[in-house]
Amino acid sequence: MASSPPKPAKPVAAPRARDADKSQLSILTAALEEFAQSGFAGARVDRIAEQAGVNKRLIYYYFGNKDDLFLAVLERTYADIRSAEQALHLDAMDPVEAVRQLVSFTWHYYLEHPEFITLLNSENLHQAVHLKQSARIQEMNSPLVQMLADVLERGRRDALFRDGVDPIQLYISIASICYFYLSNNATLSAIFGRDLRAPKALAQRLSHMTELVLGYVLR
C-alpha cells in the first residue's frame with residue numbers, strides 16, 4: 001500500500017504573528033501604566049521596555065517614537081471605554097433608565113479605571129497634541145453619540161424628554177461631573193474637611209449626579 005503523502009509543514013508566519021501581537025500587547029500594557037503614573041513628560045521608554053520584558057528597540061519598531069506610543073495608549077484607552085459603553089445596549093432600555101445607566105456606568109468606569117483620568121489630564125496639559133494626530137478617535141466616538149442621540153429621540157417621542165437636548169453636550173456634562181469630582185477629590189476633601197472617597201460619599205455623589213442629569217432632560 002502506498003504511503004500517504006506527508007502533511008505540509010505549518011507555516012512559520014503564524015507563530016511569529018502571535019508573538020508580535022503578544023509583544024505589542026505587553027508594550028501597550030506597560031506603557032499605559034508608565035504614562036498613567038508619570039505623565040507623558042515623566043514617562044521613560046526604558047522603564048516601559050523593562051516592564052514589558054522587551055528590548056527597547058522593539059518598542060520603536062512597533063510604535064515609532066514616544067509620542068506615537070502615547071497616542072497608541074490613548075487610542076486603546078478610548079477604544080476600551082467605547083466598547084464597554086456599547087455593551088450596555090442602551091438602545092434596548094427605556095429612555096429614562098438608559099440615561100440612568102449611562103451616568104452610573106460612567107461614574108463606576110472612572111472609579112475602576114483611574115488611569116483613564118490621569119492619561120486625559122496628561123494629554124490636556126499638552127493641548128491634545130497627540131489626539132489631534134489620530135485618524136481613529138472621531139470614528140471611535142461616533143457610535144456613542146449616535147446611541148445617545150437615539151435614546152434622547154425615543155424619550156422625546158414618548159413625551160418623557162424635552163426637545164433640543166444635544167447628545168454631545170449631554171455626554172460632556174455627564175463625563176464632566178464624574179471626572180471633576182474624582183480628578184479633584186484630594187483637594188475637594190481637604191478644603192471641605194470631608195472624606196469624599198468614603199463609600200457613603202460616593203453613593204451620595206452618584207445619586208446627586210443622576211438626579212441632576214435627569215432633571216435636565218426630563219420634561
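**Close-up views of a predicted model**

View 1. The rings of Tyr109 and Phe116 make an edge-to-face pair, with 6.3 Å from centre to centre and 90° between the planes.

View 2. Across the model, the count of aromatic pairs comes to 10.

**View 3. Trp107 meets Tyr181.** Here is an edge-to-face pair: Trp107 and Tyr181 sit 5.5 Å apart, centre to centre, with 65° between their planes. Trp107 belongs to helix α5 and Tyr181 to helix α8, so this pair ties together parts that are 74 residues apart in sequence. Both Trp107 and Tyr181 are buried.

**View 4. Helix α5 packed on helix α7.** These two helices, α5 (residues 95-112) and α7 (residues 137-157), pack at an angle of about 145°, and their axes are 9 Å apart. The crossing of α5 past α7 is left-handed. On the α5 side you'll find Pro95, Ala98, Val99 and Leu102, which meet Leu148, Val151, Arg154 and Gly155 of α7. Sort the residues of this contact by type and you get six nonpolar, one polar and one charged.

**View 5. Helix α7 and what covers it.** Now follow α7 from end to end: its 21 residues should span 30 Å at 1.5 Å a residue, and the end C-alpha atoms are 31 Å apart, which agrees. Quite a list of α7 residues is buried, including Ile137, Met140, Leu144, Met147 and Leu148. Arg154 and Gly155 are also among the buried residues. Why might buried positions three or four places apart line up? An α-helix has 3.6 residues a turn, so residues with that spacing point the same way. The cover over the buried residues of α7 includes α4 (66-86), α5, α8 (167-183) and α10 (199-217). After α7 comes Ala159, with a positive phi near 60°.

**View 6. Ser23 in helix α1.** Last stop: Ser23, found in helix α1 (residues 13-42). Is Ser23 buried or exposed? Ser23 counts as buried, because its relative accessibility is 18% and the cut-off is 20%. Leaving aside residues up to four places away in sequence, Ser23 touches Leu58 and Tyr62.

Conventions
Residues are numbered from 1 along each chain as its sequence is written. This is a predicted model: local features need pLDDT of at least 70, side-chain atom pairs count only at pLDDT 80 or more; totals for chains, interfaces and linings use all residues. Side-chain values use heavy atoms; hydrogens and water are left out. Buried means under 20% relative accessible area, exposed over 50%, partly exposed in between (1.4 Å probe, protein chains only). Contact means heavy atoms within 4.5 Å. Axes are lines fitted to C-alpha atoms, for helices over the stretch in contact, and angles run from 0 to 180 degrees between N-to-C directions. A crossing is left-handed if the near helix is turned anticlockwise from the far one by less than a right angle, and right-handed if clockwise. Ala, Val, Leu, Ile, Met, Phe, Trp, Tyr, Cys and Pro count as nonpolar, Asp, Glu, Lys and Arg as charged, and the others, Gly among them, as polar. The expected span of a helix is 1.5 Å times one less than its number of residues. Rings of Phe, Tyr and Trp (its six-membered ring) pair if their centres lie within 6.5 Å; planes under 30 degrees apart count as stacked, over 60 as edge-to-face and the rest as tilted.
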